[in-house]
Amino acid sequence: MLSLRSRITIGSTAIAAVVIVLLVLVMRFQVVSVVASATRTLLDADADPYVATLEVDSDPKLSAPGNAQLVAVVSPSGDIALSTMPPKVERALGSLMSTEAGTSVIRVSGSEYRVVVEHPVNQAGRWTVVAARNSQAEAIVVDDLTSTLSLTGLAILVAFGIASWVLATAALRPVNRMRREAERLSVAPERAELPVGPAQDELASLATTLNAFLARTRQATERERQMVSDASHELRTPLAILTTQLDLASLDGDDAAALAAHIERAKLSVARLSRLANDLLALSRIEESERRDQDGQQQTLTAWSDLGDEVMSAVDRVRLIASAKDITVDFDLEAPVTVGGSGPGIGGGSPEPRYRLDTGGMAQLVTNIAGNAVSALPRGGGVFVSWRSTGGEGVLQITDDGPGVPESFIPVAFDRFTRPDEARKSRPNPDPATGGIPLPGGSGLGLAIVRAVAERAGGTAAIRNVRSGGLEVTVRIPEAS
C-alpha cells in the first residue's frame, strides 16, 4: 500500500539499520577485548615488582603500591604480608592461594574483580601475589562507548533515511514526468512522445522503448483506421450498385432476358466484393505477421528451389484465369550458381540461398501481379514470370505486353485502393468476339499486398512501364544471412 519511494526508503533504511547494529556489536566486542587485554597488562605491571622481589628475597621489606593499586601478598604460612585490597576481597585471598597462576574473574559481594595471581617461590616457600581491579570500570568504559556508538549510529541511520528519501525522490522524478506525459498523451497530438532524459540510464532506455512501442501502436492504429475508412468507401459503391441491380432485377421479373442480364451484373458486383474482402483479409494477416516479427518472432526461411516450385504452381493457377482471354503465361527459373559446383544449379557446391519468405507469400506475389496483368491485357496478350538469384538477392520479375499504366499512377501504385482510372469499374471482355467471361474490376489492394509481402521479407517492390510496351513489376528479396 506504500509508494515506491516509501518502499525504497524503508527498505534501504532497514538494511542500513541492520548493518549499523552489526557494526556496533562488532565494535563493542572489539572494545571489550581491548579493555580486558589492557587491564591484564596493568595487573601484570602491578604484580611484577613484588614477584621480582620475592623471587630473590625470602624476608622482603614490602612497600605499599601507589595510585590506588589493589595488591596483596600472602606468605607461605597464609599470613597477609601486604594488602591494599578491600576487606571483602581480602577474605577471598585464601581461596586464591590454591589457584594456578594466571588471570581470572572473581565475584565478591555482588562486585566483579579481574585478578592476576602469581606464585613466586624462594627459600621461605611458595608466596602468592594478587593484583586486582574492579571490572566495573571496564563495564563503564564499554557501556559509555556503546552508548556513543549507538547514538552515532542512530544519527547516521536518520541521515541515511533522509538521504534515501531525497535520492529516491530525485531518481523517480523522471518517472513522474513520464507518468504525467503519458496522461497527457490521451489528448495530446498523435506524435507526442514520452520525455527522454539526458542521462543514459535505465529510465532513458525505458522511455526510448516505450516511445518505440507507441510509434508502432500509432502506426498499427493508423493503418487500421485508414483500412476501415478506405474499406468503407470502397464497399459503399459496389454495395449500392448491387442493391440497384437487385432492385432492377425485381422490376424485370417478367422479362427473362433482362432478369438474366441483371443477375450476371450482380454476380460481377458480388465477385468484386468477395475479392475486396479476401484482399483485406490477406493484407490484415500480413500486417499481423509484421507485428509478430517486430515482437521477436522468428521468421520462416525458405530455400530458393522451394520458392521456385511455388512460382510454377502459381503460374499454373494464373493460366486457368488467362485461358478465358487467350493470354499466354510463361515463366523462367534461373537457378543460382553454386560455389564449387560445375555450373548453374543447386547441387555440388555451397548451400542454396534461403529467404525470409514462405511459399504462401510467393504465391501471393505471383498471383496478385500476374492476375492484375491478365485483367488488364486484351485478348491474345502475354505475361512472362521469372525467378532468379543474383547479387545476394532473389528477384521475381513479371512483365506483360499490355498498354502499361499512366506515369502519374506509378508513384502511388503500391498504395491501398489506388488504381488507374480504367480499372475502377468492372470490365467485361473488351472484345465481344472472344466469348470470354466478364472479369470484375480490381480492389486496388493487389499491389499493396505485394509491397507488404516484400517488405515483411526485408525486400522491395518496384513498377515501371517498359519502353517497348507493357508493364514490369520487380520484387527483390535479400538472402537470409
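This is a dialogue on how to read some features of a predicted model.

Visitor: What should I know before starting?

Guide: Residues are numbered from 1 along each chain as its sequence is written, and side-chain values use heavy atoms, with hydrogens and water left out. Because the model is predicted, local features need pLDDT of at least 70 and side-chain atom pairs count only at pLDDT 80 or more, while totals for chains, interfaces and linings use all residues.

Visitor: How many residues does the largest nonpolar core have?

Guide: A nonpolar core is a set of buried Ala, Val, Leu, Ile, Met, Phe, Trp, Tyr and Cys residues joined through side-chain atoms within 4.5 Å. Buried means under 20% relative accessible area, exposed over 50%, and partly exposed in between, with a 1.4 Å probe and protein chains only. Here the largest such core has 48 residues, and Leu357, Met362, Val383 and Leu396 have the most contacts inside it. Among the elements giving two or more residues to this core are α6 (256–294), β12 (393–400) and β14 (471–478). A second, separate core has 16 residues, including Leu70 and Val108.

Visitor: Which residues does Leu396 contact?

Guide: Contact means heavy atoms within 4.5 Å. Leaving aside neighbours within four places in sequence, the contacts of Leu396 include Val311, Met362, Trp387 and Val473.

Visitor: How many bridges pair β12 with β14?

Guide: Helices (H or I, at least four residues) and strands (E, at least two) are DSSP runs, numbered from the N terminus. Two strands pair if DSSP finds at least two bridges between them. β12 and β14 are antiparallel, over 7 bridges, with Gly394 opposite Ile477. Strand β13 (residues 460–465) also runs antiparallel to β14, joined by 6 bridges. β13 and β14 form a hairpin with 5 residues between them, and Gly469 in the turn has a positive phi of about 110°.

Visitor: Why is β14 described as largely enclosed?

Guide: 6 of its 8 residues are buried, so the rest of the structure largely encloses β14.

Visitor: Where is the kink in α1?

Guide: The bend at a residue is the angle between axes fitted to the seven residues ending there and the seven starting there. In α1 a kink of about 35° lies at Ala47, shortly before Pro49.

Visitor: Is His119 buried or exposed?

Guide: His119 has 15% relative accessibility, so it counts as buried. A polar atom of its side chain lies 2.6 Å from the backbone oxygen of Thr99.

Technical notes. Polar contact = N/O pair within 3.5 Å; in protein donor to acceptor, adjacent residues only side chain to side chain.
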